[in-house]
Amino acid sequence: MTDDEVTAAAAADDAVTDETTTDDAVTDDAVISLLVVDDHPVVRDGLRGMFESAPGFRVLGEAAGGAEALRRAAALDPDVILMDLRMPGGSGVDAIRELTRRGARSKVLVLTTYDTDSDTLPAIEAGATGYLLKDAPRDDLFTAVRAAAQGRTVLSPAVASRLVSAVRAPRTPGGEPLSAREREVLALVARGTSNKEIARELFISEATVKTHLTHLYAKLGVNDRAAAVATAYDRGILG
């Protein structure tokens, strides 16, 4: 993602906010169907109650993890999927990536408590239409879902700021930057964390950790963990 793309996305978000702050701006009377994906039952119940009490929305179902979300999305074909990210039943990013691969009609709006680079960038890169934090006001969430249903990008201010910072992060000499996830894996490697511990920390499989390591080794032009850490410090990728 380039600086121009981020700027365009931010401008689009401003336009979405401006266009949807009045009742007259909502011209589509169709009911928006939703699938709520979160591993906490209380959160799912709260979101279901919130949307079912508001006109213009219908919650078709719920899922407690990424794998279940894929099954439910295929069966229910919702307009918008509200997707948490870190869940024991399969990560939200993996589910978003698979939905994108399948060409699913549903738009994915991430709704999570996490706004770190290792969460935001992979989710957007995987195909999420928008990204909000769970402390978003009720009306902002309704507006975001309507925008997502129409295919418009919606980002919380904190996430938009992180995306700008990420595209300005140091790049490798070859011109290909490490992804947010690769940088996080590298930082954990620098702390002496094992692959198993990294997998547990990031809620991913050990196989995925090894894949990230393979990719970052190639980008850094090294063959092992020690060389990767040394090279990353030398190039200013790590602190």
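Which helix holds Arg181? Arg181 is found in helix α8, residues 180-190; helices here are DSSP runs of H or I with at least four residues, strands are E runs of at least two, and both are numbered from the N terminus. With 13% relative accessibility, Arg181 counts as buried, a label for under 20% relative accessible area, while exposed means over 50% and partly exposed lies in between (1.4 Å probe, protein chains only). Leaving aside residues up to four places away in sequence, Arg181 touches Ser118, Pro122, Leu202, Ile204 and His212, where contact means heavy atoms within 4.5 Å.

A word on the model: it is predicted, so local features need pLDDT of at least 70 and side-chain atom pairs count only at pLDDT 80 or more, whereas totals for chains, interfaces and linings use all residues. Residues are numbered from 1 along each chain as its sequence is written, and side-chain values use heavy atoms, with hydrogens and water left out.

**The sheet and its helices**

Let's turn to the sheet. Its 6 strands run in the order β2-β1-β3-β4-β5-β6, forming an open sheet with parallel pairing; two strands pair if DSSP finds at least two bridges between them. Because β2 (57-63) and β6 (154-155) at the edges each have a single partner strand, one side of each is left without a neighbour in the sheet. Further in, β3 (residues 80-83) and β4 (residues 107-112) pair in the parallel sense over 4 bridges, and Val80 stands opposite Lys107 in β4.

Helix α2 (residues 41-52) packs on this sheet, touching β1 (32-37), β2, β3 and β4, and its direction makes about 165° with that of β2. Angles run from 0 to 180 degrees between N-to-C directions, with axes fitted to C-alpha atoms, for helices over the stretch in contact. Helix α3 (residues 66-76) also packs there, touching β1, β2 and β3, at about 140° to the direction of β2.

**The core**

The largest nonpolar core has 28 residues, and Val37, Ile81, Met83, Ile96 and Tyr131 have the most contacts inside it. Such a core is a set of buried Ala, Val, Leu, Ile, Met, Phe, Trp, Tyr and Cys residues joined through side-chain atoms within 4.5 Å. Among the elements supplying at least two residues each are α4 (92-102), α5 (117-126) and α7 (157-167). In α4, the buried residues include Val93, Ile96 and Leu99.
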